[in-house]
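Subject: Structure handover

Hello,

Here is the structure you asked for. Please open it first, then read my notes below.

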Amino acid sequence: MAMVRKKADDGVVESVALFNRRAWTVRWASRSESFRLAERAFAASDEHDDEARSIALRTLAWQAKWRGDFNRAEAFCDQVLARLEPGQLPVVQADIHAILGVVHYSRGRRDLARQAVDKGLALIDRQSAIETRVDLLTTLSTIQRYAKRLEESQATLETALAISVGAERARVEHNMARALAACGNPQEALEMGLRALGNARLYRNRVILPYALEVVGGCYRALGRWTNAAAYLEEGAHYGEQDGDVRVECQCLDELARVERAAGNRQAAVEAATRGLVQAEALGYRLWEKRFLETIAEVAEEDGRLDEALAVSKRLLRLKDDERD
């Protein structure tokens with residue numbers, strides 16, 4: 001009986017390991033399958049198997065982050081860090097710190113985001129865990145960009161781009177497009193964004209696909225090609241809605257509001273910004289709360305609704321006061 005039990009237990013452990021490997025492998029290509037397999041791995045694992053459960057929780061945290069569900073992502077990350085000892089599964093812990101970096105900067109806490117990235121980088125070396133290193137470097141570049149350290153941000157992305165391959169490359173390229181746009185190079189940013197979009201399709205990176213569409217739409221908006229911009233942004237928002245990715249929906253709505261405003265459709269701009277603001281507030285997505293409030297305040301001022309503009313500007317100032325570098 002003991003031997004039969006051992007074989008059965010070994011089979012369960014093997015199944016859990018398989019579910020975990022597959023969940024992580026398909027994370028870019030199929031959000032739903034990745035999430036489902038990670039949940040199966042967690043449910044099938046022994047409650048005292050901290051390593052197996054931490055690996056499953058990493059995938060769940062990663063998927064939650066990309067959907068903009070920052071509270072759940074943080075909760076999953078906290079569970080992993082509570083289960084593992086320092087130095088145990090260092091790559092998994094580094095992935096967790098990369099996720100926390102995104103959660104923190106999305107809430108305006110770039111100081112905590114940088115601390116998380118530094119912890120993650122300290123856990124891995126330059127020759128191993130390349131995908132984890134790419135994730136950490138890309139997150140670091142975004143922190144630098146939001147802190148207005150644009151040259152550093154671009155240099156960090158160049159390092160990530162040099163070591164990225166396949167689905168990861170589409171992710172880095174779409175971030176490089178953002179960096180180029182932030183530096184005031186919309187045509188170069190558009191070319192990089194279209195490259196990211198092509199690689200997202202080539203390597204079946206469903207997670208990055210709507211973000212690449214959003215960044216390309218933003219580049220077309222910056223170039224004054226509003227019809228093109230709206231088409232890409234609406235497609236990106238469509239994929240986001242299909243996948244339950246509220247974060248990319250917010251980002252597409254922000255760009256659509258800017259397109260409408262640039263085209264002189266101020267009411268449509270406010271409607272898009274207001275929809276986005278509701279979603280951003282629900283997520284605790286401070287970065288995009290700020291952007292939506294900026295649009296609403298500026299349009300109110302242009303229309304002569306000064307009391308409304310002042311009230312919205314005060315909300316905006318409170319959000320900025322909460323930011324930390």
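Helix α7 gives the most to the lining of the largest cavity, with five residues. Helices here (H or I, at least four residues) are DSSP runs, numbered from the N terminus. A cavity is a set of points, on a 1 Å grid over the protein atoms alone, where a 1.4 Å probe fits but cannot get out. Lining residues have an atom within 4 Å of a point.

Before going on, two notes on the source. This is a predicted model: local features need pLDDT of at least 70, side-chain atom pairs count only at pLDDT 80 or more, and totals for chains, interfaces and linings use all residues. Residues are numbered from 1 along each chain as its sequence is written, and side-chain values use heavy atoms, with hydrogens and water left out.

**Cavities**

Rolling a probe the size of a water molecule over the atoms shows where empty space is left. The whole structure holds two cavities of 30 Å³ or more. The largest cavity has a volume of about 210 Å³. A volume is the space filled by probe spheres set on the grid points, which are joined across faces, edges and corners.

In the largest cavity, 19 residues form the lining. Nearest its centre lie Tyr105, Thr142, Asn175, Arg178 and Arg247. The elements giving two or more residues to this lining are α3, α5 (90–106), α7, α9, α13 and α15. By class, the lining has eight nonpolar, six polar and five charged residues. Ala, Val, Leu, Ile, Met, Phe, Trp, Tyr, Cys and Pro count as nonpolar; Asp, Glu, Lys and Arg count as charged; the others, Gly among them, are polar.

The second largest cavity has about 50 Å³ of space. Its lining includes Arg107, Gly108, Arg286 and Asp322. Helix α15 gives the most here, with three residues. The classes are two nonpolar, one polar and five charged.

**Pockets**

A pocket is an open set of grid points with protein on both sides within 12 Å along at least five of seven lines. How much space lies in the largest pocket? About 680 Å³. Of the 23 residues that line the largest pocket, Arg145, Tyr146, Lys148, Ala182 and Arg291 are the closest to its centre. Four helices each supply at least two lining residues: α7 (130–146), α9 (166–182), α11 (208–222) and α15 (286–302). The largest share, six residues, comes from α11. The lining divides into ten nonpolar, two polar and eleven charged residues.

The second largest pocket has about 230 Å³ of space. It is lined by 15 residues, and the closest to its centre are Glu234, Leu253, Leu256, Ala272 and Arg275. Helices α12 (226–243), α13 (246–262) and α14 each give two or more residues to this lining. It has eight nonpolar, two polar and five charged residues.

**Aromatic rings**

There are nine aromatic pairs in the whole structure. Rings of Phe, Tyr and Trp (its six-membered ring) pair if their centres lie within 6.5 Å; planes under 30 degrees apart count as stacked, over 60 as edge-to-face and the rest as tilted. Why is the pair of Trp28 and Trp62 edge-to-face? The planes stand at 85°, with the ring centres 4.8 Å apart, so the pair is edge-to-face. Trp28 is in the loop between α1 (2–25) and α2 (31–44), and Trp62 is in helix α3 (residues 50–67), 34 residues apart.

Buried means under 20% relative accessible area, exposed over 50%, and partly exposed in between (1.4 Å probe, protein chains only). Trp28 is buried at 6%. Trp62 is buried at 2%. Ring pairs also link Trp24, Trp28, Trp62, Trp66 and Tyr211 into a cluster.

The charged end of Arg27 sits over the ring of Trp62, 5.5 Å from its centre. Arg53 lies over the face of Phe42, at 4.1 Å from the ring centre. The rule: NZ of Lys or CZ of Arg within 6 Å of the ring centre and within 35 degrees of the ring normal.

**Cysteines**

A disulfide is a pair of cysteine sulfur atoms within 2.5 Å. The count is zero. The sulfur of Cys183 is 12 Å from the closest cysteine sulfur, in Cys219, so that is too far for a bond. Cys183 is partly exposed, at 32%. For Cys252, the closest cysteine sulfur is in Cys250, 9.6 Å away, again too far for a bond. Cys252 is buried, at 0%.

Best wishes
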